[in-house]
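Please open the model in your viewer and keep the selection tool at hand. The stops below say what to select and what is there.

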Amino acid sequence: MSAGPAVDPRGPRFAAVITTIVLAVVLITGWWPLLAVQTVVFAIGAFVGLKPAPYSLIYRYLVAPRLAPTSEREDAAPLRFAQGVGFVFALVGTIGYATGVTALGIVATAFALFAAFLNAAFNFCLGCEMYLLIRRVAPSQAS
(Lines give C-alpha, C1' and ligand atoms only; values in the text may rest on other atoms or scores of the structure.)
Protein backbone atom coordinates (compact mmCIF):
# COMPACT_ATOMS: atom_id res chain seq x y z
CA MET A 1 0.00 0.00 0.00
CA SER A 2 1.49 3.32 -1.04
CA ALA A 3 1.23 5.86 1.73
CA GLY A 4 1.15 8.86 -0.59
CA PRO A 5 2.79 12.25 -0.19
CA ALA A 6 3.64 13.84 3.14
CA VAL A 7 0.81 15.85 4.68
CA ASP A 8 0.27 19.04 6.66
CA PRO A 9 0.14 17.72 10.26
CA ARG A 10 -2.69 20.09 11.14
CA GLY A 11 -5.03 18.18 8.81
CA PRO A 12 -4.96 14.87 10.70
CA ARG A 13 -5.40 16.69 13.99
CA PHE A 14 -8.43 18.50 12.56
CA ALA A 15 -9.79 15.12 11.43
CA ALA A 16 -9.22 13.76 14.93
CA VAL A 17 -11.34 16.58 16.38
CA ILE A 18 -14.24 15.75 14.04
CA THR A 19 -13.79 12.03 14.72
CA THR A 20 -13.83 12.66 18.47
CA ILE A 21 -17.12 14.54 18.17
CA VAL A 22 -18.68 11.89 15.94
CA LEU A 23 -17.65 9.02 18.21
CA ALA A 24 -18.81 10.87 21.34
CA VAL A 25 -22.21 11.41 19.72
CA VAL A 26 -22.38 7.69 18.90
CA LEU A 27 -21.60 6.75 22.50
CA ILE A 28 -24.16 9.20 23.86
CA THR A 29 -26.93 8.25 21.46
CA GLY A 30 -26.10 4.68 20.49
CA TRP A 31 -26.98 5.60 16.91
CA TRP A 32 -24.94 3.03 15.01
CA PRO A 33 -25.64 4.38 11.47
CA LEU A 34 -23.43 7.36 12.37
CA LEU A 35 -20.73 4.92 13.45
CA ALA A 36 -21.15 3.12 10.12
CA VAL A 37 -20.49 6.43 8.32
CA GLN A 38 -17.37 6.98 10.45
CA THR A 39 -16.27 3.45 9.54
CA VAL A 40 -16.46 4.41 5.86
CA VAL A 41 -14.46 7.59 6.58
CA PHE A 42 -11.76 5.48 8.25
CA ALA A 43 -11.80 3.01 5.34
CA ILE A 44 -11.26 5.75 2.78
CA GLY A 45 -8.33 7.17 4.74
CA ALA A 46 -6.74 3.77 5.28
CA PHE A 47 -7.34 2.00 1.97
CA VAL A 48 -7.81 4.77 -0.62
CA GLY A 49 -5.63 7.50 0.83
CA LEU A 50 -5.66 10.56 3.03
CA LYS A 51 -6.14 13.02 0.19
CA PRO A 52 -9.67 11.84 -0.78
CA ALA A 53 -10.74 11.20 2.83
CA PRO A 54 -13.80 13.34 3.71
CA TYR A 55 -12.27 15.14 6.70
CA SER A 56 -9.13 15.84 4.66
CA LEU A 57 -11.25 17.45 1.98
CA ILE A 58 -12.99 19.66 4.57
CA TYR A 59 -9.63 20.66 6.00
CA ARG A 60 -8.01 21.29 2.61
CA TYR A 61 -10.82 23.40 1.15
CA LEU A 62 -12.42 25.11 4.17
CA VAL A 63 -9.83 25.30 6.95
CA ALA A 64 -6.31 25.36 5.45
CA PRO A 65 -6.93 28.43 3.26
CA ARG A 66 -7.65 30.41 6.45
CA LEU A 67 -4.42 29.34 8.17
CA ALA A 68 -0.88 30.56 7.71
CA PRO A 69 1.09 28.25 5.44
CA THR A 70 3.44 25.76 7.04
CA SER A 71 6.43 23.95 5.65
CA GLU A 72 6.07 21.21 8.26
CA ARG A 73 5.11 17.85 6.78
CA GLU A 74 4.32 14.44 8.23
CA ASP A 75 4.74 11.01 6.66
CA ALA A 76 1.39 9.65 5.50
CA ALA A 77 2.15 5.97 6.22
CA PRO A 78 1.67 6.08 10.02
CA LEU A 79 -1.48 8.16 9.56
CA ARG A 80 -2.96 5.66 7.12
CA PHE A 81 -2.11 2.84 9.50
CA ALA A 82 -3.90 4.73 12.28
CA GLN A 83 -6.93 5.10 10.01
CA GLY A 84 -6.84 1.33 9.51
CA VAL A 85 -6.82 0.75 13.26
CA GLY A 86 -9.73 3.16 13.62
CA PHE A 87 -11.52 1.30 10.82
CA VAL A 88 -11.21 -2.02 12.68
CA PHE A 89 -12.56 -0.61 15.94
CA ALA A 90 -15.37 1.27 14.20
CA LEU A 91 -16.31 -1.80 12.18
CA VAL A 92 -16.43 -3.98 15.29
CA GLY A 93 -18.48 -1.28 17.03
CA THR A 94 -20.90 -0.99 14.12
CA ILE A 95 -21.37 -4.76 14.01
CA GLY A 96 -21.89 -4.84 17.77
CA TYR A 97 -24.53 -2.12 17.75
CA ALA A 98 -26.25 -3.40 14.59
CA THR A 99 -26.54 -6.97 15.87
CA GLY A 100 -27.76 -6.03 19.33
CA VAL A 101 -24.47 -6.78 21.10
CA THR A 102 -24.51 -3.25 22.48
CA ALA A 103 -21.70 -3.81 24.98
CA LEU A 104 -19.35 -4.73 22.12
CA GLY A 105 -20.44 -1.61 20.23
CA ILE A 106 -19.85 0.59 23.24
CA VAL A 107 -16.41 -0.86 24.08
CA ALA A 108 -15.11 -0.77 20.50
CA THR A 109 -16.41 2.77 19.99
CA ALA A 110 -14.92 3.89 23.31
CA PHE A 111 -11.49 2.56 22.28
CA ALA A 112 -11.71 4.46 18.98
CA LEU A 113 -12.87 7.58 20.84
CA PHE A 114 -9.96 7.32 23.27
CA ALA A 115 -7.43 7.20 20.42
CA ALA A 116 -9.11 10.05 18.51
CA PHE A 117 -9.26 12.18 21.65
CA LEU A 118 -5.54 11.63 22.36
CA ASN A 119 -4.77 12.96 18.89
CA ALA A 120 -7.25 15.83 19.02
CA ALA A 121 -6.38 17.06 22.51
CA PHE A 122 -2.70 16.16 22.90
CA ASN A 123 -1.46 15.66 19.32
CA PHE A 124 -0.59 12.06 20.25
CA CYS A 125 -1.49 9.65 17.46
CA LEU A 126 -1.75 6.24 19.10
CA GLY A 127 -2.07 4.40 15.77
CA CYS A 128 0.96 6.26 14.42
CA GLU A 129 2.99 5.22 17.45
CA MET A 130 1.84 1.61 16.95
CA TYR A 131 3.00 1.82 13.32
CA LEU A 132 6.43 3.12 14.33
CA LEU A 133 6.80 0.42 16.99
CA ILE A 134 5.87 -2.30 14.49
CA ARG A 135 8.39 -0.86 12.02
CA ARG A 136 11.12 -1.06 14.66
CA VAL A 137 10.23 -4.61 15.73
CA ALA A 138 9.46 -6.07 12.29
CA PRO A 139 10.57 -3.62 9.57
CA SER A 140 9.30 -5.66 6.63
CA GLN A 141 5.87 -6.30 8.18
CA ALA A 142 4.57 -2.70 8.34
CA SER A 143 5.68 -1.45 4.90
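How far apart do the end C-alpha atoms of residues 7-136 lie, and what percentage of the span is helix and what percentage strand? Select residues 7-136: the end C-alpha atoms lie 22 Å apart, and the span is 78% helix and 0% strand, where helices (H or I, at least four residues) and strands (E, at least two) are DSSP runs numbered from the N terminus. An unreviewed UniProt entry places the feature "domain: DUF4395" at these residues, although such annotations may be inferred rather than shown by experiment.

This is a predicted model, in which local features need pLDDT of at least 70 and side-chain atom pairs count only at pLDDT 80 or more, while totals for chains, interfaces and linings use all residues. Residues are numbered from 1 along each chain as its sequence is written, and side-chain values use heavy atoms, with hydrogens and water left out.

Next, select residues 12-34, which the unreviewed UniProt entry lists among its "transmembrane region" features; this stretch is 91% helix and 0% strand, with its end C-alpha atoms 20 Å apart.

Finally, select helix 4 (residues 76-98) and helix 6 (residues 126-137), whose axes come within 7 Å and cross at roughly 115°, the axes being lines fitted to C-alpha atoms over the stretch in contact and the angles running from 0 to 180 degrees between N-to-C directions. That makes helix 4 roughly perpendicular to helix 6, a term for angles of 65 to 115 degrees. The contact (heavy atoms within 4.5 Å) includes Phe 81 and Val 85 of helix 4 and Tyr 131 and Ile 134 of helix 6.

Terms used. Angles under 35 degrees count as roughly parallel, over 145 as roughly antiparallel, 65 to 115 as roughly perpendicular and the rest as oblique.
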